[in-house]
Amino acid sequence: MFSKSAKYYDEIYASIDKDYPAEAGKVHKIIQKLKRTQGDTLLDVACGIGMHAGYLSKHYKVEGLDLDPKMLAIARRKHPKIRFHQEDMTRFNINRQFDVIICLFSSIGYVKTKPRLQKAIKTMNQHLLPGGVLLVEPWFTPKQWHPGRVSVTQVNKPDLRIVRMSLSRQRGKLSIVEFQYLIGTPKGIEHRAETHELGLFTHAEYLDAFKSAGLNVIHDKKGLDGRGLYIGKKPVK
């Protein structure tokens, strides 16, 4: 995934004005409106370097979970008071339940297939307390994806210049994003490349994954930044 660019993840997404504080604030408002549990524990699934987790730790007892060890190393360094787990979102088991579980920034797309999507939502639900809330920010649907699109992102700092160019492709129901990086520092210029594959799931497939897991689901079309948001509410027994 981001193993080759993890070191520069912060700078890259700051350059495109991703507003983590504002998104965390929206998440908090949704949780406070819908949560029916008494506790304040929160698990951030596919947490990356822990940006959302850090801001949400002002309101909740937060833990994070991700598969990428390099991303987790940065998360642990940035947020030493937060506990992080290296696990696969489709089959993790950390032996307790949480009041809130979130999976943001379209990370759910990395499950790639419909069976793994259903398994991931089921696994998250198993870690959710009755009355708890699950928030999942989707990746693009098949209709929203546009193969052949080329994008460029740049970072301009005194001792760091980054040019990231991406090309979108498609293979069946998989979206493929090819990233090429040029990274310039006083020590020299490096070239790095990554290929990311994410599943293209329909609205109906997301709804079915939540319902199959036993969750009552709400779809917020706008969500945190325009990609939408699926909100699962676990019935109180």
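Which residues in helix H4 (residues 69-78) are buried? In this predicted model, they are Met 71, Leu 72, Ile 74 and Ala 75. The buried residues fall within an arc of 160°, so they line one face of the helix.

While you're at H4, check out how it begins. At its start, a side-chain oxygen of Asp 68 comes to within 2.9 Å of the backbone nitrogen of Lys 70. Then slide along to Lys 78, which also lies in H4. Its side chain meets that of Asp 10 in a salt bridge, with 2.9 Å from N to O. Asp 10 sits in helix H1, so this pair ties together parts that are 68 residues apart in sequence. How hidden are these two? Lys 78 has 35% relative accessibility, so it counts as partly exposed. Asp 10, at 27%, counts as partly exposed too.

Next, the greasy inside. In soluble globular proteins, nonpolar side chains tend to be buried together. Here, the largest nonpolar core has 50 residues. Which of them touch the most other members? That list is Val 45, Met 89, Ile 108, Ile 121, Met 124 and Leu 134. Zoom in on Ile 108: leaving aside neighbours within four places in sequence, its contacts include Met 89, Leu 117, Ile 121, Met 124, Trp 139 and Phe 201. There is also a second, separate core of 23 residues, and among its members are Leu 56, Val 62, Val 100 and Ile 231.

Back to charged side chains, because the count comes to twelve salt bridges when a Lys or Arg side-chain nitrogen must lie within 4 Å of an Asp or Glu carboxyl oxygen. One of them joins Lys 18 and Glu 23, whose closest N and O atoms are 2.8 Å apart. Are these two buried or exposed? Lys 18 counts as buried at 13% relative accessibility, and Glu 23 counts as buried at 4%. Lys 18 and Glu 23 are also linked with Asp 225 in a network of salt bridges.

Finally, find Asp 88 and Arg 116, whose side chains meet in a salt bridge at 4.0 Å, N to O. Asp 88 is in the loop between S3 and strand S4 (98-103), while Arg 116 is in helix H5 (residues 114-126), so to speak a link between distant parts of the chain, 28 residues apart. Asp 88 is buried, at 13%, whereas Arg 116 is partly exposed, at 31%.

How values were computed:
Residues are numbered from 1 along each chain as its sequence is written. This is a predicted model: local features need pLDDT of at least 70, side-chain atom pairs count only at pLDDT 80 or more; totals for chains, interfaces and linings use all residues. Side-chain values use heavy atoms; hydrogens and water are left out. Buried means under 20% relative accessible area, exposed over 50%, partly exposed in between (1.4 Å probe, protein chains only). Helices (H or I, at least four residues) and strands (E, at least two) are DSSP runs, numbered from the N terminus. The arc is that of the directions from the helix axis to the C-beta atoms. A polar contact is a pair of N or O atoms within 3.5 Å; within protein, one must be able to donate a hydrogen and the other to accept it, and residues adjacent in sequence count only if both atoms are side-chain atoms. A nonpolar core is a set of buried Ala, Val, Leu, Ile, Met, Phe, Trp, Tyr and Cys residues joined through side-chain atoms within 4.5 Å. Contact means heavy atoms within 4.5 Å.
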